[in-house]
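Please look through the sequence and the model below before reading on. The report then takes up the parts of the chain one after another.

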Amino acid sequence: MKKIVAALAALTISASALMAPASAQDKKFTIALVPGLTTDGFYITMRKGAQAAADALGVNLVFQGAPDFNPVTQVPVLDAVIAKKPDAILIAPTDKVQLVEPLRKANDAGIPVITVDTFIGTGTYQTGAGEADFPLSYIASDNVLGGEIAARALATSIGDKGKVYVSNVKPGISTTDQREEGFKTEMAKHPNITVLETQFNDDDANKAASQLQAVFARNPDLVGVFGANLFSALGAANGVKQAGQTGTVKVVAFDAPTSIVDTINTGLVDVAIAQHPAEIGYFGVVSAYAHLTGHSIPVSIGTGFTIMDKSNIADPNISKYLYSE
């Protein structure tokens, strides 16, 4: 955590220092932000943070993405962005393997790449080893830590005992893989909690709901579920409701659009772990600009989390971290 704070502090100082000469730049840089998908509140909020930094630094920000979180639709968008030759690319890769070669095209064309929210390869860059270490930096929530936080929140809500499982999207998505990893690592410290087999729903809330009911049918003593992303959590929560177990089977959700408020207040979701996507976008633009103006940048920057539940969701200091829609 100290390293994260130090990195953020250093980059904040860099941003302040860089703002002064921005108006004197002969070239107005164009930075492209390619989100995981364009319609999600998380990425809309990230765009706002990126735009705030772009406005402060005199940068032209281009936001271009696909309507769904899928490498099949993201790669053509990325190719189109590369063809426009921006000065830098910020991207949330939709697959840590399938986006390596498409992003290498940008790198080979001399366009600096920074990954935001998700990563390629292992997410460890600039080591000189491996096929996917060429991006300059990875800026995101610490998703392993986020999974650990979710596990602790769920353990508390179920009295530290019982059966739980993870509702996840699919293997190969860096962020949700890490959240599951962190969740299971933390739950291993709770001997009275049994973690059942992960259910993969392909980002389909209806499928997640059906899976919840199937898991509950096999395990009537189920007491909790962790949704590794919003659709997983809301789908599982609807499954809990359909099974007549609201309040008995606890649901912890990752991510916090404004719509999460009603689900928390009605008890459909017990806890939401909010990321800080505006910070990710802000530091993404600042990092790209720093590199383009000859400054060094950290190879990784972690941003924080805010835990939301019925007791604090109305607090302005908490609700400010809800995502835009």
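This is a predicted model: local features need pLDDT of at least 70, side-chain atom pairs count only at pLDDT 80 or more; totals for chains, interfaces and linings use all residues.

Residues are numbered from 1 along each chain as its sequence is written, and side-chain values use heavy atoms, with hydrogens and water left out.

The size of an interface is often given as the accessible area lost when the parts come together. Buried area is accordingly the accessible area (1.4 Å probe) that two parts lose on being put together, summed over both. Between domain 1 and domain 2 this area is about 840 Å², and carbon and sulfur atoms give 52% of it. On the side of domain 1, Phe69, Lys96 and Phe119 supply 41% of the area buried against domain 2, more than any other three residues.

Which residue forms a salt bridge with Asp177? The partner is Lys96, and the closest N and O atoms of the pair are 3.0 Å apart. A salt bridge is a side-chain nitrogen of Lys or Arg within 4 Å of a carboxyl oxygen of Asp or Glu, and across the interface of domain 1 and domain 2 the rule finds 1 salt bridge. Across this interface there are also 3 residue pairs in polar contact, both residues being at pLDDT 80 or more. A polar contact is a pair of N or O atoms within 3.5 Å; within protein, one must be able to donate a hydrogen and the other to accept it, and residues adjacent in sequence count only if both atoms are side-chain atoms.

## Buried residues in loops and in a helix

Asp117 is found in the loop between β4 (113-116) and β5 (137-141), where helices (H or I, at least four residues) and strands (E, at least two) are DSSP runs, numbered from the N terminus. Its phi is near 75 degrees, a positive value in a residue other than glycine. Is Asp117 buried or exposed? Asp117 counts as buried, because its relative accessibility is 4%; buried means under 20% relative accessible area, exposed over 50%, and partly exposed in between (1.4 Å probe, protein chains only).

Asp255, in the loop between β10 (250-254) and α9 (260-265), likewise has a positive phi, near 95 degrees, in a residue other than glycine. At 10% relative accessibility, Asp255 counts as buried.

Thr175 has its place in helix α6 (residues 174-187) and is buried, with a relative accessible area of 4%. Leaving aside its neighbours within four places in sequence, Thr175 is in contact with Asp117, Thr118, Tyr138 and Asn143.

## Salt bridges

The structure holds 11 salt bridges, and the table lists some of them.

| Pair | N to O distance |
|---|---|
| Lys27 and Asp87 | 3.2 Å |
| Glu186 and Arg152 | 3.3 Å |
| Lys207 and Asp202 | 2.8 Å |

In the salt bridge between Lys27 and Asp87, Lys27 lies in the loop between α1 (2-22) and β1 (30-34) and Asp87 in the loop between α3 (71-83) and β3 (88-91), so the pair ties together parts that are 60 residues apart in sequence. Lys27 is partly exposed at 44% relative accessibility, whereas Asp87 is buried at 17%.

The salt bridge of Glu186 and Arg152 links distant parts of the chain, with Glu186 in helix α6 and Arg152 in helix α5 (residues 143-157), 34 residues apart. Glu186 is buried, with a relative accessible area of 6%, while Arg152 is partly exposed at 34%.

Lys207 and Asp202 form a salt bridge in which Lys207 is partly exposed, with a relative accessible area of 34%, and Asp202 is partly exposed as well, at 47%. Elsewhere, salt bridges that share partners join Glu101, Arg104 and Glu131 into one network.

How values were computed
Contact means heavy atoms within 4.5 Å.
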